[in-house]
Amino acid sequence: VPVDGSHWLSMRELLDMLQQKGHEVVVVAPEVSLQIKPSKTFMMKTYLVPFTQEEMNEVFKGSVMDLFKGGPFLERVIRQYQQAKKTSALFLATCTHLIQNKELIRYLEESKF
């Protein structure tokens, strides 16, 4: 169950190596993601989340853009804090919807994931 972003980029190489050694690789990921996309080297199990790709992209774009905005120090800190809250809310929703997905959890339990 990878974390999106740079963590996924590191994990992807490891998964490719495991598959080359004959392991069956299953990736569990939300349907909306920054980096995690289907591949021929692993099976992908996805689940719904309560936000769109556009909403996710906007939150992460806003975080990056805020890093380069000027302004008084306190204003910049408050903006970064607000962006961190938005990002955290997306990650929390992603985790919550995975845990609440009974069908996917049953699959994981039955396959000894």
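In which helix is Q83 found? In this predicted model, Q83 is found in helix α3. Q83 has a relative accessible area of 10% and is therefore buried, the cut-off for that class being under 20%. When neighbours within four places in sequence are left aside, the residues in contact with Q83 are V59, G62, S63 and D66. V59, G62, S63 and D66 are also among the buried residues of helix α2.

Helix α2 covers residues 53-68. The distance from the first C-alpha of its 16 residues to the last is 23 Å, close to the 22 Å expected at 1.5 Å a residue. The buried residues of α2 are M56, V59, G62, S63 and D66. They cover an arc of only 125 degrees around the axis, and so they are on the same side of α2. An α-helix has 3.6 residues a turn, so residues three or four places apart point the same way. E54, E58, K61 and F68 are exposed on the other side of α2. The buried residues of α2 pack against α3, which covers residues 73-99.

Strand β1 comprises residues 26-30. Of its 5 residues, 5 are buried, so β1 is largely enclosed by the rest of the structure. In a regular strand the side chains alternate between the two faces of the sheet. In β1 both faces are covered, with V26, V28 and P30 buried on one side and V27 and A29 buried on the other. Strand β2, residues 43-47, runs parallel to β1 and is joined to β1 by 5 bridges. V27 has M44 as its bridge partner in β2.

Aromatic rings were considered next. A pair of aromatic rings is described by the distance of the centres and the angle of the planes. A search of the whole structure finds 2 aromatic pairs. One of them is formed by W8 and F42, with 5.8 Å from centre to centre and 85 degrees between the planes, and this pair is edge-to-face. W8 lies in helix α1 (residues 6-20), whereas F42 lies in the loop between β1 and β2, so the pair ties together parts that are 34 residues apart in sequence. W8 is buried, with a relative accessible area of 2%. F42 is buried as well, with a relative accessible area of 7%.

Another pair is formed by F60 and F91. The centres of the two rings are 6.0 Å apart and the planes of F60 and F91 are at 65 degrees, so this pair is edge-to-face. F60 is in helix α2 and F91 in helix α3, 31 residues apart, and the pair thus links distant parts of the chain. F91 is partly exposed, with a relative accessible area of 32%.

A contact of another kind involves K45 and Y107. The charged end of K45 sits over the ring of Y107, at 4.1 Å from the ring centre.

Residue E13 has its place in helix α1. The relative accessible area of E13 is 56%; because the cut-off for exposed residues is over 50%, E13 is classed as exposed. Between the C-alpha atoms of E13 and G71 there is a separation of 40 Å, and the two residues are 58 residues apart along the chain.

Notes:
Residues are numbered from 1 along each chain as its sequence is written. This is a predicted model: local features need pLDDT of at least 70, side-chain atom pairs count only at pLDDT 80 or more; totals for chains, interfaces and linings use all residues. Side-chain values use heavy atoms; hydrogens and water are left out. Buried means under 20% relative accessible area, exposed over 50%, partly exposed in between (1.4 Å probe, protein chains only). Helices (H or I, at least four residues) and strands (E, at least two) are DSSP runs, numbered from the N terminus. Two strands pair if DSSP finds at least two bridges between them. The expected span of a helix is 1.5 Å times one less than its number of residues. The arc is that of the directions from the helix axis to the C-beta atoms. Contact means heavy atoms within 4.5 Å. Rings of Phe, Tyr and Trp (its six-membered ring) pair if their centres lie within 6.5 Å; planes under 30 degrees apart count as stacked, over 60 as edge-to-face and the rest as tilted. A charge sits over a ring if NZ of Lys or CZ of Arg is within 6 Å of the ring centre and within 35 degrees of the ring normal.
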